[in-house]
Amino acid sequence: MEEGAPPSRGVIGDRLDHLIKELHPPGQPPFSEREIARKMAEKAEPAAPTLTHASISNIRNGTTKNPGVDSLRALAKFFGVPVAYFLDDHVAEVTDRRMREIKEGAERARASDELAEVLEDNDVRAIAFRLNGLSVKALRGIRGIVEGVRDSEGLPQVEEKTTWRRRSRS
């Protein structure tokens, strides 16, 4: 370990931390260890294993580097991943790739819904059609004008989003 580097949590702790950071409802922060423990207990069948928030924290931060099978089963069930996710590099890689694909698909669907809603306005649609074929320089100028008008009308700035097409070309 390099000098000044944080101590390793271990593979299981790193994978649990990754799941906590990645698997939560859109627009909401990741679940806390307390929330995970509470939700796990609420959804558990009778006699099914659950974990306390302290146990989850100990696994996540690496204090517990080798949790028991029941603990791994409970975590896997909560996050909807195979138990092998915590133990097998190939399973973790395939699962992570699938999680990314699902998240990207959901982002595309949200963007598509947002675009459909915007294009329901006849004036917006008419302007959009007239922009087709203009040079990049002209489009940038029009964008500046639109941003200035939005600002003068007290509308919020439109958040710049990287589209899935731009991402896939890089």
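**First stop: helix 2 against helix 4**

Select Ile 36, Lys 39 and Met 40 in helix 2; these residues meet Ala 74, Leu 75, Phe 78 and Phe 79 in helix 4. By class, this contact of helix 2 with helix 4 comprises six nonpolar residues, no polar ones and one charged residue. Now display the two helices as cartoons. The axes of helix 2 and helix 4 lie 11 Å apart, and the two helices pack at an angle of about 90 degrees. An angle from 65 to 115 degrees counts as roughly perpendicular, and helix 2 and helix 4 are therefore roughly perpendicular to each other.

The model under view is a predicted one.

**The whole chain**

Clear the selection and show the entire protein. How many helices and strands does the protein have? There are eight helices and zero strands, so that the order of elements from the N terminus reads α-α-α-α-α-α-α-α. Colour the chain by accessibility next: of the 170 residues in the protein, 18% are buried. The accessible surface of the protein comes to about 12700 Å², and carbon and sulfur atoms account for 53% of that surface. Contacts may be displayed as well. Among those between residues at least 6 apart in sequence, 50% join residues at least 24 apart.

**Second stop: within helix 2**

Return to helix 2, residues 33-43, and select Arg 38 and Glu 42, which both lie in this helix, four residues apart, about one turn of the helix. Their side chains meet in a salt bridge, with an N to O distance of 3.1 Å. Are these two residues buried or exposed? Arg 38 counts as partly exposed, at 42% relative accessibility. Glu 42 has a relative accessibility of 55% and counts as exposed, because the cut-off for exposed is over 50%.

Move to helix 4, residues 69-79, and select Ser 71. Ser 71 has a relative accessibility of 17% and counts as buried, since buried means under 20%. Show its surroundings: leaving aside residues up to four places away in sequence, Ser 71 touches Leu 51 and Ile 59.

Select helix 1, residues 11-22, together with helix 5, residues 89-119. The axes of helix 1 and helix 5 come within 12 Å and cross at roughly 10 degrees. Angles under 35 degrees count as roughly parallel, and helix 1 and helix 5 are therefore roughly parallel to each other. On the side of helix 1, the contact is made by Arg 15, His 18, Leu 19 and Glu 22; on the side of helix 5, by Asp 89, Ala 92, Asp 96, Met 99 and Lys 103. The residues of this contact of helix 1 with helix 5 divide into three nonpolar, one polar and five charged.

Begin with Arg 15, which lies in helix 1. Is Arg 15 buried or exposed? With a relative accessibility of 12%, Arg 15 counts as buried. Beyond residues up to four places away in sequence, Arg 15 touches Tyr 85, Phe 86, Leu 87, Asp 88, Asp 89 and Ala 92.

Then select Lys 103 and Glu 22. Lys 103 forms a salt bridge with Glu 22, and the closest N and O atoms are 2.8 Å apart. This pair links distant parts of the chain, as Lys 103 is in helix 5 and Glu 22 is in helix 1, 81 residues apart. Lys 103 counts as partly exposed at 36% relative accessibility, and Glu 22 likewise counts as partly exposed, at 30%.

Proceed to helix 7, residues 136-152, and select Arg 143 and Glu 147. Their side chains meet in a salt bridge of 3.0 Å, N to O. Being four residues apart in helix 7, Arg 143 and Glu 147 are separated by about one helical turn. Arg 143 is partly exposed, with a relative accessible area of 45%. Glu 147 also counts as partly exposed, at 43% relative accessibility.

Select Asp 17, Lys 21, Glu 33 and Arg 60 together. Which interaction links these four residues? Asp 17, Lys 21, Glu 33 and Arg 60 are linked in a network of salt bridges. To conclude, display every salt bridge at once: the count comes to eleven.

Technical notes:
Residues are numbered from 1 along each chain as its sequence is written. This is a predicted model: local features need pLDDT of at least 70, side-chain atom pairs count only at pLDDT 80 or more; totals for chains, interfaces and linings use all residues. Side-chain values use heavy atoms; hydrogens and water are left out. Buried means under 20% relative accessible area, exposed over 50%, partly exposed in between (1.4 Å probe, protein chains only). Contact means heavy atoms within 4.5 Å. Accessible areas come from the Shrake-Rupley method with a 1.4 Å probe; for residues, only the protein chains shown count as cover. Axes are lines fitted to C-alpha atoms, for helices over the stretch in contact, and angles run from 0 to 180 degrees between N-to-C directions. Angles under 35 degrees count as roughly parallel, over 145 as roughly antiparallel, 65 to 115 as roughly perpendicular and the rest as oblique. Ala, Val, Leu, Ile, Met, Phe, Trp, Tyr, Cys and Pro count as nonpolar, Asp, Glu, Lys and Arg as charged, and the others, Gly among them, as polar.
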